[in-house]
Amino acid sequence: MSVRTEQSGQRVLVVGAGMAGVQTAVRLRERGWPGAITLVGAEPHRPYDRPPLSKAVLTGGTGTAPDTAFDVDFDALGVELILGREATGVRPGDHEVDTDAGPLPYDHLVLATGAEPVALPGGGAGVHLLRTLDDAERLRPVLAARRDVVVVGAGWIGAEFATAAREAGCRVTVVEAADRPLAGVLPPEVSGHMRRWYEEAGVELLTGRAVTRVRFGSAHPCVLELSDGSSLPAWAVLAGIGARPATGWLAGSGVALGEDGSVLADERLRASVPDVYAVGDCASFPSARYGRRLLVHHWDNALTGPRTVASLLTAGEAETPPYDPVPYFWSEQFGRFVQYAGHHDDRDELLWRGDPRGASWSVCWLRDGVLNALLAVGRPRDLTQGRKLIERAAVLDPARAADPSVPLKSAVR
Ligand SMILES: Cc1cc2nc3c(=O)[nH]c(=O)nc-3n(C[C@H](O)[C@H](O)[C@H](O)COP(=O)(O)OP(=O)(O)OC[C@H]3O[C@@H](n4cnc5c(N)ncnc54)[C@H](O)[C@@H]3O)c2cc1C
């Protein structure tokens, strides 16, 4: 029997109908996968894109939110879409996934269950998360009513939500346990400048204070108690304190998970048990480029990882290069377009391109002259060029790279 004939009798089951799951189905068909494809998602909505949820969807007022559904015709692609169905376990020996409505068989299983936001201890009414369309729909009336809101966490989601809430006319306070915004991802000399973005937008940023408890208030629906003994009343609270891979349902299945909860995929995104693969926010993979395992929670990773799995299934290992991308993401906050490519750590030398007090500037991270990572604020051309230079491990002339009037690609030695 030819490989194609054999494959035409096989089923790929994709669990999780977000960006990575949808892309897996689309790429498989693009590459001519002849067998069945079933895409199962826990949410009831047609698969949709998440980045607009913290941007245009929030500020659309009381009217209909912009439609963020993916423009994919699943019927035409011959993809069976099962929505509102939650996977509860995998039995690799039986090649079956258990769901809340019975088991589903597979020949190949792609795990694409994304991530789920970390909740505030205590939680309660008035405390929101922002991961799903339903979350965003619950937050839209809060913004439309111009309520006083408190955001916990000055990370990417916190900053984007604060931006939208200010645009809507809310009074916004952001509480951050670290001493500055984005403390987990950027060094102090860079993220220190972002404190000013909050001030300029009229957002009160309280740093060095953790939320110890959320309780009901009398005049306001909730009161946040902070580690310095103070308390903060709010009509609504958004917890933007991170996300973890949504892999709890895999416990005990034999699929190896890391301490961070991610599916431990190999360099071609295969999980630890046969015929199982993992893509997007739920998976980590070894990066030869950066010499470490990466868990990437960004849209571009959910777009590109599925190409590797689709290639592996349709063309085989010999035709499929290892998955080793230059990570990329963007954020829109306080009127600025912020983009980052690559991966840096403390060993890298930091080089400024432009004045961080101005509207647009970039930062490069170099190791032995090689460009490892780049942050661009309002300089998309730096990002486009920098990303290519990172990919080919280009060595830069630091003096030229530090001159924002010199195109980055012309700073190559
Ligand atoms: C508000 C918001 C704004 C963002 N903005 C940006 C941005 O500006 N730039 C950027 O680069 N990235 C951004 N991201 C990140 C980006 O959206 C994610 O990296 C991307 O959505 C990951 O895709 P995914 O398919 O891996 O996971 P998800 O999009 O999380 O999809 C996973 C799907 O699996 C489903 N699922 C989970 N468990 C089960 C189960 N047991 N059974 C069945 N289904 C299940 C979930 O319900 C979900 O629908 C943003 C994310 C959010 C939440």
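Reply: Two strands are counted as paired here when DSSP finds at least two bridges between them. By that criterion strand 13 (residues 211-216) and strand 14 (residues 222-226) are paired, running antiparallel to each other over five bridges. The model is a predicted one, and what follows is a description of that prediction.

The two strands make up a hairpin, and five residues lie between them. Within this pairing, Arg215 is placed opposite Val223 of strand 14, while Arg213 has Glu225 of strand 14 as its bridge partner.

The chain is divided into domain 1 (3-116 + 244-319), domain 2 (119-241) and domain 3 (335-411). The centres of domain 1 and domain 2, taken over C-alpha atoms, are separated by 31 Å, and 14 residues of domain 1 are in contact with 16 residues of domain 2. On the side of domain 1 that touches domain 2, the classes are five nonpolar, six polar and three charged residues.

A second open sheet has five strands in the order 3-2-1-7-19, and its pairing is parallel. Strand 3 (79-83) and strand 19 (276-278) form the edges of this sheet, and because each has a single partner strand, one side of each is left without a neighbour in the sheet. Strand 7 (residues 108-111) pairs with strand 19 in the parallel sense over three bridges, and Leu111 has Ala278 of strand 19 as its bridge partner.

Helix 2 lies across strand 1 (11-15), strand 2, strand 3 and strand 7, and runs at about 170° to strand 2. Helix 2 also packs with helix 8, at an angle of about 35° and with the two axes 8 Å apart, and the crossing of these two helices is right-handed. Helix 2 brings Met19, Ala20, Gln23, Thr24, Arg27 and Leu28 to the contact, and among the residues that helix 8 brings are Trp299, Ala302, Leu303, Gly305 and Pro306. By class, the contact of helix 2 with helix 8 has 10 nonpolar, four polar and two charged residues.

The ligand is surrounded by 36 residues, of which the closest are Gly16, Gly18, Gly114, Gly280 and Phe329. Helix 2 (19-30), strand 2 (36-41), helix 8 (299-315) and strand 22 (328-333) are the elements that give two or more residues to this shell. By class, the shell around the ligand has 19 nonpolar, 11 polar and six charged residues. Since domain 1 and domain 2 both give residues to the shell, the ligand lies between them.

Conventions. Residues are numbered from 1 along each chain as its sequence is written. This is a predicted model: local features need pLDDT of at least 70, side-chain atom pairs count only at pLDDT 80 or more; totals for chains, interfaces and linings use all residues. A residue is near a molecule or strand if its C-beta atom, placed from the backbone, lies within 6 Å of it. Helices (H or I, at least four residues) and strands (E, at least two) are DSSP runs, numbered from the N terminus. Ala, Val, Leu, Ile, Met, Phe, Trp, Tyr, Cys and Pro count as nonpolar, Asp, Glu, Lys and Arg as charged, and the others, Gly among them, as polar. Domain bounds come from an automatic or database domain assignment. Two residues are in contact if their C-beta atoms, placed from the backbone, lie within 7 Å. Axes are lines fitted to C-alpha atoms, for helices over the stretch in contact, and angles run from 0 to 180 degrees between N-to-C directions. A crossing is left-handed if the near helix is turned anticlockwise from the far one by less than a right angle, and right-handed if clockwise.
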